[in-house]
Amino acid sequence: MAQVDTTTNAGQLLAAASGGRRRPGDRIFSNTATAAAVTILALLAGVAIFLVAEGLPAVTAAASELPGGKSLLDYVAPLAFGTVLAATFAALIAVPLAVAVALFITHIAPPRIALTLGYLVDLLAAIPSIVYGLWGIFVLGPAAVPVMRWLEEHLGFIPIFEGPASVTGRTMFVAGLVLAVMILPIVSAVAREVFSQTPRKLQEGAQALGATRWEMIRMTVLPFGRSSVISGAMLGLGRALGETMAVTIILSVSGAVSFNLISQANPSTIAANIALNFPESSGIAINLLIATGLVLFAITLVTNMGARAIIARQNRG
Amino acid sequence: MLGAAGSKRSEARAGQVRTTAGAPAIGTSSGAAGAPSGRGAKTIEVKGVSLYYGDFQAVEDVTMKIEPNKVTALIGSSGCGKTTFLRALNRMHELTPGAAVEGEISLDGEDVYGAGVDPVQVRRLVGMVFQSPNPFPTMSVYENVAAGLSLNAKRMKKAEMDAVVERSLRGANLWEEVKDRLDKAGSGLSGGQQQRLCIARAIAVEPEVLLMDEPCSALDPVATLAIEDLIRELKDRYTIAIVTHNMQQAARASDLTAFFNLEKSGRPGRLIEIGPTETIFTKPAQQATEDYVSGRFG
Amino acid sequence: MESASQSPRAGASLLASSVGGGILPGWATYAVLGGAAALSTAVLLAAGAFTAALTLAFTVLVACVAIYAWSRAVEGPRRARDRVMTMAIAAAFGLAMIPLFSLIFEVAKRGIPGLSLEFFTSDARGVVGGGGAEHAIVGTLMITGVAALISVPIGIMAAIYLTEYGTGRLRRALTFFVDVMTGIPSIVAGLFAYALFEIFLGPGIRLGVMGSVALSVLMIPIVIRSAEEVLKIVPAHLREAAYALGTPKWKTITRIVLPTAFAGLVTGVMLAVARIIGETAPLLVTTGVIDSLNSDPFHGRMQNLAVYAYNEYRSPGLMKQASYDRAWAAALTLIAIVMILNVAARLVYRRYKTEIR
């Protein structure tokens, strides 16, 4: 006989009210709910299992059997490099910007319009990635060409700006910028949440000492929100790691592994590589692509787990 | 109220206060109480001050003087505007959106709300300790005390800053208890210690006036007595105004007492009577005062 | 002036905060911005390098330097720092808004030429360098509809489990894994759907419903998260009142909790749909590309607006610009659908939500 859960308030009342007996309606309903929960876990397990099953042939195959003649490791390493490079560049741009946007909305803009401003920033998250891709290649790319040329001219001694600057704009630089715009709303939403929750008494404590608004922000709001912002940044990073379409469309891929952001020779990302090659692939090539998908899944998993761990530590401490 | 002779309603937005009228020229003192006092503590003169939150009038027409080197207690039942009034003295009131100040508040003769006066500077000279201790959680004890200093002083040598921190902690009767844990987090102390830490932080910048908003309400009786002892010592060097709803505390710790009251809820708070503490508690002039201190209401 | 060891007491005045002893006038910021704009425009025009973007950048730079210098002279270094940081933060916000407006403007500008009756009413079968996107629109609705059909019941029931029934290990596991699911890259979800169907139906298969399954993997955690939040807000005392009347638990949930949370649930679902309706990657690997209208999710490939836009860009027909136009038109349609869903979701919420007092 199913036990009523008496650890919840409702459960106790329920047990009391129904005298501890379970009506058929209750049993059906609660079993359905539990079934839904189990289904989802099964779904997730399924994702893992099927992907591993399909990817395994590529892991075990010898290099000669795989397209391109490279082993899985050799195949996926440059892709992983490109994935991390693009995402890191995007995060480095997006996070400070997101913090500034969040500070603006929570502490500087007049409170009456703060809500609207928040909606506007969140709108950026609603735009589909294919649209970002088209925008990136047709609008931002050409617009970025003079910028990249300037970077090559004046900062070319730094490896990331070595050049020669691409004339089409289809570079890591532009792809990274587009990714940055895509993850900005995610990081900024987390930052806004935590900045607006800074205890008033802390802020007033700083103000009563004679701090200016910026000094108060530096002394109380930013330290208070630090771990949340870091966790938000990692969530954004995770999103950028998995982003496909924008990168697929924008990047002109040569497979080169380099830190040079502004040239024509770019590594691809795992996701973009799958998107480009999957439709025409068959046989072992598909297994190979799925294996790279697993690698991507692992990378994003680790990043997201890290983000949640930081939040958990913050909540406990 | 808006027609009070010569006074204009001053819209208080942080940093952009327009004039209150009738302020004596900057730098001159008004009256005997304005003369620079022996140890540098200043007088606060309040004339016809009314305080608003938007359209709601919280405090009406207060005129009083907060004497240097003395402790003035502000008592009265809850909701009668004592804290609002206190927060107007160091220009914290205006941080609430829609808040407004009318009338004149001057510090040793200088209009606190005058044109060209930076509220940040006012708050440096008029310090505040809050009801619930608020040490900065990400800073150590040392850093908390030095927090105000690092804002104001250009470049203090480490030795100088150490000296100031020690002096402030001693002044707050906290030095002996924390001298071995200066670099530990400020939030690790007990409630009473945290409040004394906040007091140390407030006096480290050497204000002229110290405002305290129910500083002991979150503390146990032992810690409360410790703070009251401290207040008695501090008045030698500072002007102190303390809001308290605890009459015994007012009787114990203050030299002067001001009694605030509401006619009925919804009406603004008014200053009913101010005078030497002993008089207020034994032979008050107003009936309402007598009713309050003898516990008949509030 | 302030000195480190000496207290500013003796003779300290309220105006002793700065060298000049005062505050900048209220119009200072605007004056600086205006002046900087004028200066930048003039300099760039003279140098022959005038563009809107460059002028904007220079204006901000010059304004920041100017306000700092002016404020430092009049108000002191701390106030100056405060002003320049405020300006920088505002500029950063402006910078973040530029892509938003550029996106909307460009998509509208480039997409409108591609919109036509033909675009909405005919597909691309047999037409070279022309045709419309009717198949893509229908396909989008179909695939997303089936995905919602799968995700919403499962998601809401799971949310009910988490808030009303869940205990112990199953609950903890579910919460943990829903977190994991929110982080699945969209293409991986597509790969999973492909792998699933391939095992049962053989390689090379492409079906509309595969796309729906892939989208469900992405949609379910979103639905669960938002439903959970909404259900949690329903106060305990409402449930307790029902129990006290002898109402069985399942009836309490269906008659009291769900209706109270209804507006929030609908909003959550609409927002989830808006999130996945523009997904391209998972569909690239599952539903394939097709030129003709197919409204049967269980047979044959199905087109979708996002993949259509990608395809028109990737393999334009003989008339390249026309293809690009259609790609932009598809993009515009997508954005329009997403925006409408977002706005409608908020309106629904405001109109139908139950005030809980």
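Modeller: Two residues are in contact here if their C-beta atoms, placed from the backbone, lie within 7 Å. By that rule, 15 residues of chain A are in contact with 21 residues of chain B. This is a predicted model, where local features need pLDDT of at least 70, side-chain atom pairs count only at pLDDT 80 or more, and totals for chains, interfaces and linings use all residues. Residues are numbered from 1 along each chain as its sequence is written, while chains are lettered from A and ligands numbered from 1 in the order in which they are written.

Colleague: Which elements give two or more residues to the side of chain A that touches chain B?

Modeller: Those are α7 (200–208) and α8 (213–242) of chain A; helices (H or I, at least four residues) and strands (E, at least two) are DSSP runs, numbered from the N terminus. The largest share, six residues, comes from α7(A). By class, the side of chain A that touches chain B has seven nonpolar, five polar and three charged residues. Ala, Val, Leu, Ile, Met, Phe, Trp, Tyr, Cys and Pro count as nonpolar, Asp, Glu, Lys and Arg as charged, and the others, Gly among them, as polar.

Colleague: And how many residues does the contact take from chain A and from chain C?

Modeller: That contact takes 73 residues from chain A and 74 residues from chain C. Helix α2 (residues 24–60) of chain A gives the most to chain A's side of it, with 20 residues. The side of chain A that touches chain C has 48 nonpolar, 18 polar and seven charged residues.

Colleague: At what angle do helix α4 (residues 111–126) of chain A and α3(C) pack?

Modeller: The general idea: two packed helices are described by the angle between their axes and the distance between the axes. Axes are lines fitted to C-alpha atoms, for helices over the stretch in contact, and angles run from 0 to 180 degrees between N-to-C directions. For α4(A) and α3(C), the angle is about 50 degrees, with the axes 10 Å apart. The two are therefore oblique to each other (under 35 degrees is roughly parallel, over 145 roughly antiparallel, 65 to 115 roughly perpendicular, the rest oblique). The crossing of α4(A) past α3(C) is left-handed: the near helix is turned anticlockwise from the far one by less than a right angle, with clockwise making a crossing right-handed. Leu120(A), Val121(A), Leu123(A) and Leu124(A) meet Ala96(C), Met97(C) and Leu100(C).

Colleague: Staying in chain C, how do the axes of helix α1 (residues 28–47) and helix α2 (residues 52–74) cross?

Modeller: Those axes of chain C come within 8 Å and cross at roughly 135 degrees, which makes α1(C) oblique to α2(C). The crossing of α1(C) past α2(C) is right-handed. The contact includes Val32(C), Leu33(C) and Ala36(C) from α1(C), and Phe58(C), Val62(C) and Trp70(C) from α2(C). Its residues divide into 14 nonpolar, six polar and no charged.

Colleague: What pLDDT does chain C average?

Modeller: pLDDT is the predictor's confidence in each residue, from 0 to 100. Chain C averages 83, and 90% of the residues score at least 70. Among the elements of chain C, helix α3 (residues 77–111) has the highest mean pLDDT (92) and helix α4 (residues 117–121) the lowest (76). Over residues 1–11 of chain C the pLDDT is below 50, and beyond near neighbours in sequence, this stretch has 14 contacts in the model. The model scores ipTM 0.85 and pTM 0.83.
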